[in-house]
Amino acid sequence: CLHFLTTAEFLAEHRTVLESRLAPVCREITDSRARTRDELECLYRKIVSYMLLHSGLGSPTEIGVVREATAALQSVFPQVELGTFLALTKKDKERQLNELSMIVTGIRLFNKNCKKGGEGIDDLPAILNEAVPATKQNVESELQATQQLIYHYTAIIERLEKSRAQWYEEDGFHDKLKEALYNVRQHEVFLHIIVTEIVTCAKQVELLEHQLERQMLELNDVVKSKAAVPTAQVYPHFIALSNLWTAFQDELVLLSVFSNLVTNLDPYLATHSQLFPDGVIGPLLEGVVVKTDAQRLSEVSGQRINPSDFKNREWVFPEDRLAYCQPTLQYRGFCAYTFGARHGLLLRGNPNVGILKYQEKYYAFSSKEAASAFAQKPDCYIAMAAEEAKHSAELIQLLELHQQFSTITPYTQVQLLFKEK
């Protein structure tokens, strides 16, 4: 089953996995009882390897990378200090290892910026600046294909509703189409979530680039034209650089996850072409005007409920900022009347028509007529909607009907990631 994690939760779990992989190397270092010169040299090499693995800046099998990391470590922790290190408690050793790792990472990043090193260090900002737009474009392309299916299915369902052709009712074709519509609407929701996350990723990368540039300038000011700088003055800058680079690595991990999610969702679209090949869908679309969600909304843009026509009903409009306050619309903003009255058909609601506030919940509608009909018998249509959801359980998640079906776990409304259990 699908679970959802916030990006922060996912990254925390990702770091836990990385730390668990590093744990054996860390244990070898903290448990070491090195005494002889050879043993101490071996221990020092292990510390360098740990720092490379911990930072992700180059491979511990690349000679040039190892030399550079060793030189950086020797500048802040010469091998003669191993005796003091070995006398520490296990916890203190782990703490010092992590701190040294960040300082060494900061030194290497600073040297790379000064064109004096950087062996094996990828240009993460450049990679992200290329990968983020490419991933976004890929997801948006997938979203367009999904929406095209949505518009085709909706148009055909409306056509079949009007014709009431006996063959499709007996064959269950109408129900199959509705199930397919729900499936692609779910796919659309997932893809919208991913696009939102990628936009957030792009903003974060831009922010990190500014912070990295500022941090490099500050560090330059601290060390320029100085033979020696107090460690208390310079170490925090190196650690800050390390933390910034970790943040870049996090964004790359997230971007990879988003990309993999879209790839893993690809089979859903392929299934639709098998269930409803062009030979079946094509004839049903002949003579039918296929409308996008945006076109449907624009068709009713001039329609508006007159609140005075309804007694004991409270209406709010998008421009009523104090009353409106961006409420959460029921049924994820789909038309409340159409869903109940037209056997589960999903049409986007247009808030400009008027939003009905009923029993502290807000309902949007696809037209003035739909709003008027619902307002006269809201309880009836709400019950019809619940009945539809009972027959198609996926609607409980898609339309966020968790209060009516309280044993179902809802989608989280924050920045999300998917995790299969």
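Helices (H or I, at least four residues) and strands (E, at least two) are DSSP runs, numbered from the N terminus. The model is a predicted one.

Q: Where is E400 found?
A: E400 has a positive phi of about 60° although it is not a glycine. Most residues other than glycine have a negative phi. As for its place, E400 is found in the loop between α16 (394–398) and β5 (417–420).

Q: Is N312 buried or exposed?
A: N312 belongs to the loop between α11 (293–299) and β2, and its phi, near 60°, is a positive value in a residue other than glycine. Exposed means over 50% relative accessible area. Because the relative accessible area of N312 is 74%, N312 is exposed.

Q: Which strands stand at the edges of the open sheet of three strands, and why is one side of each left without a neighbour?
A: The sheet is open and has the order β2-β3-β4, with antiparallel pairing. Each of the edge strands has a single partner strand, so one side of each is left without a neighbour in the sheet, and these strands are β2 (314–316) and β4 (361–363).

Q: Are the residues on both faces of β3 buried or exposed?
A: One side of β3 carries I355 and K357, and the other carries L356 and Y358. Buried means under 20% relative accessible area. Both faces of the strand are covered, and these four residues are all buried.

Q: What is the angle at which helix α2 and helix α5 pack?
A: Helix α2 (residues 37–55) and helix α5 (residues 90–113) have their axes 9 Å apart. Angles of 65 to 115 degrees count as roughly perpendicular, and α2 and α5 are therefore roughly perpendicular to each other. The packing angle is about 70°.

Q: How many residues of the contact of α2 with α5 are nonpolar, how many polar and how many charged?
A: From α2, the contact is made by I47, Y50, M51, L52, H54 and S55, while α5 brings L97, N98, L100, S101, V104, T105 and R108. By class, these residues divide into seven nonpolar, five polar and one charged.

Q: Which element gives the largest share of the largest nonpolar core?
A: Of the 61 residues in this core, I47 and F77 touch the most other members, and F77 is in contact with Y44, I47, L82, F85, Q96 and L100 when its neighbours within four places in sequence are left aside. Elements that give two or more residues to the core include α1 (7–30), α3 (63–76), α6 (124–163) and α8 (173–223). The largest share, 15 residues, comes from α9.

Q: Is A69 buried or exposed?
A: A69 has its place in helix α3. Not counting residues up to four places away in sequence, A69 touches V48, L52, V104 and R108. With a relative accessible area of 3%, A69 is buried.

Q: What separation do the C-alpha atoms of T36 and E299 have?
A: T36 lies in the loop between α1 and α2, where T36 is partly exposed, with a relative accessible area of 41%. T36 and E299 are 263 residues apart along the chain, and the separation of their C-alpha atoms is 84 Å.

Key:
Residues numbered from 1 in each chain as written. Predicted model: local features only at pLDDT ≥ 70, side-chain atom pairs only at ≥ 80, totals over all residues. Heavy atoms only, no water. Pairing = 2+ DSSP bridges. Axes fitted to C-alpha atoms, helices over the stretch in contact; angles between N-to-C directions. Parallel < 35°, antiparallel > 145°, perpendicular 65-115°, else oblique. Contact = heavy atoms within 4.5 Å. Nonpolar A, V, L, I, M, F, W, Y, C, P; charged D, E, K, R; others polar. Core = buried A, V, L, I, M, F, W, Y, C linked by side-chain atoms within 4.5 Å. Buried < 20%, exposed > 50% of the residue type's maximum accessible area, 1.4 Å probe, protein only.
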